Amino acid sequence: MAKKIILETQLEVFETLSALPEAIQNLMNKAQQARKNAYAPYSHFGVGAAIILENNKIVTGNNQENAAFPSGLCAERVAAFAAGAQFPNLSWKAIAISAGAINKDNTQPIPPCGACRQSLAEYEVKQHVPIEVYFMGTSGNVVKAPSVQSLLPLLFDQSYLQ
Ligand code: THU
């Protein structure tokens, strides 16, 4: 019989943003603001992301679409690459994400896509400290994951390149 590996992730679901610490409320508010500035003329779906660094500076991003569809980029990676480009030596404490169709209320929490999880995981592996991930719709419940890797078991990282 083959050996079994069981993967387990524990997520916390908060009923409203106000149930979270003030610093996270503020971070999510920044993600909400960023979402409102998303450039999403094709999907009409807006996503905002905000990353808080170890010095409490916040870097935001939103989805940037393109007429050549694959040339666009998700909000999480816009924020991640901005943080990586501008503050290469600062670790991240948390990322907050808000997503939903433009001009609609969405109470369903929307997690980052697989490609964004992989990109975010790179920074978590690099800093050796978990990055908390908070995600929500445009209102309603907020989900907290303790780390990026908890959302991406069996990620591909630099250790395989050696
Ligand atoms: N999008 C994000 O920004 N983040 C995700 O995790 C999933 C999808 C964007 C990409 C595209 O602009 C729009 O949402 C619809 O897929």
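1. The buried residues of helix α2 are A75, E76, R77, A79, A80, A82 and A83. The structure under review is a predicted model. Elements that cover these buried residues of α2 include the strands β2 (45–53), β3 (58–62) and β4 (92–101), together with helix α3 (114–127).

2. Helix α3 passes the same check. Its 14 residues should span 20 Å at 1.5 Å a residue, and the separation of its end C-alpha atoms is 20 Å, in agreement with that expectation.

3. In α3 the buried residues are C116, S119, L120, A121, Y123, E124, V125 and Q127. Their packing partners are α2 and β4.

4. The packing of α2 with α3 may be described as follows. Two packed helices are characterised by the angle between their axes and by the distance between those axes. For α2 and α3 the angle is about 20° and the axes are 9 Å apart. Because angles under 35 degrees count as roughly parallel, α2 is roughly parallel to α3. The crossing in which α2 passes α3 is left-handed.

5. The contact between these helices involves E76, R77, A80, F81 and G84 on the α2 side, and A115, C116, S119, L120 and Y123 on the α3 side. By class, the residues of this contact are six nonpolar, two polar and two charged.

6. The backbone at H128 deserves a comment. This residue comes just after α3 and adopts a positive phi of about 60°.

7. A positive phi also occurs at H44, a residue other than glycine, where the value is near 55°. H44 is located in the loop between α1 (22–36) and β2. Its relative accessible area is 49%, so H44 is classed as partly exposed, given that the exposed class requires over 50%.

8. L154, likewise not a glycine, has a positive phi of about 60°. Its position is in the segment after β6 (142–145). With a relative accessibility of 76%, L154 counts as exposed.

Definitions and conventions:
Residues numbered from 1 in each chain as written. Predicted model: local features only at pLDDT ≥ 70, side-chain atom pairs only at ≥ 80, totals over all residues. Heavy atoms only, no water. Buried < 20%, exposed > 50% of the residue type's maximum accessible area, 1.4 Å probe, protein only. Helix = DSSP H or I, 4+ residues; strand = E, 2+ residues; numbered from the N terminus. Contact = heavy atoms within 4.5 Å. Expected span 1.5 Å × (residues − 1). Axes fitted to C-alpha atoms, helices over the stretch in contact; angles between N-to-C directions. Parallel < 35°, antiparallel > 145°, perpendicular 65-115°, else oblique. Left-handed = near helix turned anticlockwise from the far one by under 90°. Nonpolar A, V, L, I, M, F, W, Y, C, P; charged D, E, K, R; others polar.
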